[in-house]
Amino acid sequence: MSTVSERKPKPVQPSRYDIAALKDDLDGIALIDEVQVVRKRSRDFFWYSPVLNQLLADKSADIIAAPRDEDEVIRIAAACARRRIPLTVRAAGTGNYGQAVPLQGGVLLDITGLTGIEWQKPGVVRTAAGSRMLDVDIAMRDSGYEQRMHPSTKRSATVGGFVAGGSGGVGSVTYGGLREPGNILAARIVTVEEEPRVIELRDDAAQKVNRAYGTTGIITALEMPLAPAWPWIDIIVAFDSYMDAFETGYEVALADGIVKKLVTPIASQITPCFGALKAHCPEGQSILICMIAEGSLGPFKAIIGKRGTVTYEAPSEEGPGTVPLYEYTWNHTTLQWLKSDRSITYLQCLFPHDRLVESARETIAAFGDELLPHHEFIRFGGRVTASALPILRYSTPERLNEVMALHEAAGVFIANPHVVSLEEGSRHKRADADQLGFKREVDPRGLLNPGKMTSFVADPTD
């Protein structure tokens, strides 16, 4: 397979900000200014997109600040506000489109030192924003609970990073995405002002920081709902055609009585990139990857019937030395291919629930081998539908935009993963008015991750 190397960064330019004075302000707080380290930590997985790889490869912060607690976050926010230095919040850096890449330099605020569970009660956990999602679930196990959903990067992703940059994931087939009421219960944030405030956002107000790329406040703690921690069984089912896998998966997703966490059909052309998993992916057959509660295996297999063949069945594992089955789903599917071939990219789609099967069939027929299907069944607004992260055989930016436009013309919503701003990511839709208005309140000078919310214009007289 062909490979495409990442674009090399340009030589380091002098900072436009008074970093020396900032260091004095932040005496006692862990700071990193080693150029190569700062550059590396200023990146995420934006190179999934050849467009973003050209745009963002040269972007870097000037310095990293690594607070140990909320008091240090407040000191950093105050110093940046006084000196008009941009501040971009970063956690594990598992995003795919430059959410935490500083476009204008300044401070990269690494929140991974903010860890620990403040409290837990039945169905709810309060945790520091930098807590790793896997660690939270491990801590919950004795109580019989786990997080409702997580990205495929769970083993490295943080709770705060997921809320600020994500939308849904493993578990969304049952609980929907983070945008659904009740999936974020509260968020504690620090404002970026000369005298920062600490604000508690509860219920609907917590959505002001959801998928805002850290532009609407520095998240320091989150209150999240929990779900019963079932004994999950990982299953792979092989089918003769992709639509057989898709339609069977849809039936499983619609079956309310089957307790499930993941229902993912993947095209036969993709599975040869699946490493050790290839042994369970018969050549020429599409697969359905599922996580099913042990007690629901009977009715699950009744739906599968004779349409598919179970090629793998085992209790879910995500400990050291293992590769969880969910790391072949969501955008990890793309990563499995990119490990050996950097020439491809992907789309992010949401299919209409009222003609889901027909729409999936039409898009597969329209693009042939140029676009390799991979869907994730989810709940959206109370209805079962499917998102998709199909692998695209990339040719030019013009063709990429044409493919997305053809999807939209067919009624498929596109969240463009090849742009950096919130507005463009929703295909030319302005940022949510509530988030925009809230940014004016908590970040009046526009120092938080500037360039990611282009609708915001700071007061030029300030």
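**Exercise 1. Which residue forms a salt bridge with Asp135, and how far apart are the closest N and O atoms?**

Before the solution, a word on the model. It is a predicted one, where local features need pLDDT of at least 70, side-chain atom pairs count only at pLDDT 80 or more, and totals for chains, interfaces and linings use all residues. Residues are numbered from 1 along each chain as its sequence is written, and side-chain values use heavy atoms, with hydrogens and water left out.

*Step 1.* Start with the term: a salt bridge is a side-chain nitrogen of Lys or Arg within 4 Å of a carboxyl oxygen of Asp or Glu.

*Step 2.* The partner of Asp135 is Arg132, with the closest N and O atoms 2.7 Å apart.

*Step 3.* Buried means under 20% relative accessible area, exposed over 50%, and partly exposed in between (1.4 Å probe, protein chains only). Asp135 has 37% relative accessibility, so it counts as partly exposed. Arg132 is partly exposed too, because its relative accessible area is 31%.

**Exercise 2. Find the salt bridge between Asp110 and Arg41, and say which elements it ties together.**

*Step 1.* The side chains of Asp110 and Arg41 meet at 2.0 Å, N to O.

*Step 2.* Asp110 lies in strand β4 (residues 107–110) and Arg41 in helix α2 (residues 35–41), so the pair ties together parts that are 69 residues apart in sequence. Helices (H or I, at least four residues) and strands (E, at least two) are DSSP runs, numbered from the N terminus.

*Step 3.* Asp110 is buried at 3% relative accessibility, whereas Arg41 is partly exposed at 25%.

**Exercise 3. Is Glu376 buried or exposed, and what does its side chain touch?**

*Step 1.* Locate Glu376 in strand β18, residues 375–380.

*Step 2.* Glu376 is buried yet has no salt bridge. The nearest side chain of opposite charge, Lys261, is 13 Å away. Here Lys and Arg count as positive and Asp and Glu as negative, while His and the chain ends are not counted.

*Step 3.* The Glu376 side chain does make a polar contact with the side chain of His374, at 2.9 Å. A polar contact is a pair of N or O atoms within 3.5 Å; within protein, one must be able to donate a hydrogen and the other to accept it, and residues adjacent in sequence count only if both atoms are side-chain atoms.

*Step 4.* Leaving aside neighbours within four places in sequence, Glu376 has contacts (heavy atoms within 4.5 Å) that include Leu262, Trp330 and Ser387.

**Exercise 4. Where does Leu389 sit, and which residues is it in contact with?**

*Step 1.* Look in the loop between β19 (383–388) and β20 (391–393).

*Step 2.* Leu389 counts as buried because its relative accessibility is 6%.

*Step 3.* Beyond neighbours within four places in sequence, its contacts include Trp330, Tyr346 and His374.

**Exercise 5. What is the phi of Arg84, and what is the phi of Asn449?**

*Step 1.* Recall the background: most residues other than glycine have a negative phi.

*Step 2.* Arg84, which is not a glycine, has a positive phi of about 55°. Arg84 lies in the loop between α4 (70–83) and β3 (87–90).

*Step 3.* Asn449 has a positive phi near 45° and is placed in the segment after α14 (433–442).

*Step 4.* Arg84 is partly exposed at 33% relative accessibility, while Asn449 is buried at 1%.
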